[in-house]
Amino acid sequence: MMWCKSSYSDQGQNCIEVAHIPASFRKSSYSGVNGNCVEVADFPCGAAVRDSKNPAKGHLPFPAAEWDAFLTLARTARP
C-alpha cells in the first residue's frame with residue numbers, strides 16, 4: 001500500500017495521508033439465493049466490508065486486530 005500526502009499539504013507540514021487500496025471484494029459464503037449480502041475485501045492492514053446491493057456507496061474498513069477479533073467470535077458463535 002502506498003501512502004501519499006494530499007496535494008493541499010504544505011512542504012514539511014503534518015497532514016492527512018491517503019492510500020488507494022486496490023481491493024477485490026468477494027461475497028460471503030453465507031449469501032442467500034437472491035445474492036444480497038455483505039462483501040468482504042482483505043487489505044494488508046485489515047479488511048473492509050460493503051453492501052453487495054450498493055457497492056458504489058463505499059466500504060467500512062476494520063484494522064487487523066478488530067477484524068481478527070470479529071472472525072474469532074463469529075467462528076465460535078456458530079450454532
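**View 1. The cysteines C45 and C37 in a predicted model.** C45 is partly exposed, with a relative accessible area of 42%, whereas C37 is buried at 12% (buried means under 20% relative accessible area, exposed over 50%, and partly exposed in between, with a 1.4 Å probe and protein chains only). A search of the whole structure finds zero disulfides, a disulfide being counted as a pair of cysteine sulfur atoms within 2.5 Å. The model is predicted, so that local features need pLDDT of at least 70 and side-chain atom pairs count only at pLDDT 80 or more, while totals for chains, interfaces and linings use all residues. Residues are numbered from 1 along each chain as its sequence is written, and side-chain values use heavy atoms, with hydrogens and water left out.

**View 2. S52 and the backbone of C37.** S52 is placed in the loop between β5 (46-51) and β6 (60-63), where strands are DSSP runs (E, at least two residues) numbered from the N terminus. The side chain of S52 has a polar atom 2.8 Å from the backbone oxygen of C37. S52 is buried, its relative accessible area being 15%.

**View 3. F25 and its contacts.** F25 lies in the loop between β2 (17-19) and β3 (26-27) and, at 19% relative accessibility, counts as buried. Once neighbours within four places in sequence are left aside, F25 is in contact with E39, V40, A41, A48, V49, R50 and H59, where contact means heavy atoms within 4.5 Å.

How values were computed:
Helices (H or I, at least four residues) and strands (E, at least two) are DSSP runs, numbered from the N terminus. A polar contact is a pair of N or O atoms within 3.5 Å; within protein, one must be able to donate a hydrogen and the other to accept it, and residues adjacent in sequence count only if both atoms are side-chain atoms.
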